[in-house]
Amino acid sequence: MGKALFITGTGTDIGKTYVTGLIVKRLKDAGFRAGYYKAALSGAEVGADGALLPGDALFVRRTAGLAAEDASVSYIYRDAVSPHLAAKIESRPIDFDKVERDFFTAKERFDYLTVEGSGGIICPLRWDEKEHVVLDDLIVRLQLSALVIADAGLGTINAAVLTAEHLKMREIPLAGFIFNHWQAGDRMQEDNKKMVEEMTGAPVLACVEKGAKDLPLAADALAALYA
Ligand SMILES: Nc1ncnc2c1ncn2[C@@H]1O[C@H](COP(=O)(O)OP(=O)(O)OP(=O)(O)O)[C@@H](O)[C@H]1O
Ligand SMILES: [Mg+2]
């Protein structure tokens, strides 16, 4: 049985997939069996044959050089809206027993499975007469620690600290943060890093610059975050 880590972010489009690609690449290049899993993706591209394409999984595959079967997504929706709404539009609600099965099947196959969330920590995955499930409920159900991707720029102290406080409230272990769109030498960004670390007590493990091709974090330090 392998280990897994949940990647969430301070919001949608913050760079979870971009950074996850670098994370999986680092683990794979170090010789580990590394895989990627996402429970629900909305805003899928539509292929020439009308098939829905899981863009996040394809990006991670390309970045890390994974085989197709090593990056999987359980639910793929077309509309670029929150999964709970996309599922409603397509009358295809998420079955969390299936998600749990898919997750454990993937976890069995790899040394390190990286699980990407949807949106930020408060992302409704299913909200109908039968069930109310938010992303944080899924992290709790899968018993994972969370690594939070945050933008390095203005506004990140608020977003990062709120995310950390919510994780604490839900008793989800916080592995740390990765800052994205980092500009070395920027005084505000350097201060954001210090403030987020001091206010949350969790480390900013790596700072990823625009267009970065590698994660500035050693494979062993990265692997140690997985549980
Ligand atoms: N460090 C970076 N350098 C260059 N491009 C980046 C970087 N980080 C993010 N991007 C680009 O910004 C866009 C949004 O990033 P990404 O898809 O990783 O966000 P996300 O948090 O995974 O979004 P979602 O919530 O939809 O899953 C993408 O086009 C991505 O390639
Ligand atoms: Mg993504």
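Reply: Let us begin with the lining of the largest pocket, whose residues divide into seven nonpolar, nine polar and six charged. Here Ala, Val, Leu, Ile, Met, Phe, Trp, Tyr, Cys and Pro count as nonpolar, Asp, Glu, Lys and Arg as charged, and the others, Gly among them, as polar. The model is predicted: local features need pLDDT of at least 70 and side-chain atom pairs pLDDT 80 or more, while totals for chains, interfaces and linings use all residues. Residues are numbered from 1 along each chain as written, chains are lettered from A and ligands numbered from 1 in the order written, and side-chain values use heavy atoms, without hydrogens and water.

Me: Which residues lie nearest the centre of the largest pocket?

Reply: A pocket is an open set of points on a 1 Å grid over the protein atoms alone, where a 1.4 Å probe fits, with protein on both sides within 12 Å along at least five of seven lines; lining residues have an atom within 4 Å of a point. In this case 22 residues form the lining, and Thr12, Asp13, Lys38, Ser42 and Asp56 lie nearest the centre. The elements giving two or more residues to this lining are α1, β2 (34-42) and α2 (55-64), with the largest share, four residues, from β2. Helices (H or I, at least four residues) and strands (E, at least two) are DSSP runs, numbered from the N terminus.

Me: How many residues surround ligand 1?

Reply: A residue is counted as near if one of its heavy atoms lies within 4 Å. There are 16 such residues around ligand 1, the closest being Thr12, Lys16, Thr17, Tyr18 and Gly211. Helix α1 (residues 16-29) gives the most to this shell, with three residues.

Me: Which backbone atoms approach ligand 1?

Reply: A polar contact is a pair of N or O atoms within 3.5 Å. A backbone N or O atom of Asp13 lies 3.1 Å from an oxygen atom of ligand 1, and Ile14 likewise places a backbone N or O atom 3.1 Å from a ligand oxygen. A polar backbone atom of Gly211 is 2.7 Å from a nitrogen atom of ligand 1.

Me: Which residues coordinate the magnesium ion?

Reply: Donors are N, O and S atoms within 2.8 Å of the metal (3.2 Å for Na, K and Ca). Thr17 (OG1), Asp56 (OD) and Glu116 (OE) coordinate the magnesium ion (ligand 2), at 2.0 to 2.3 Å.

Definitions and conventions: A polar contact is a pair of N or O atoms within 3.5 Å; within protein, one must be able to donate a hydrogen and the other to accept it, and residues adjacent in sequence count only if both atoms are side-chain atoms.
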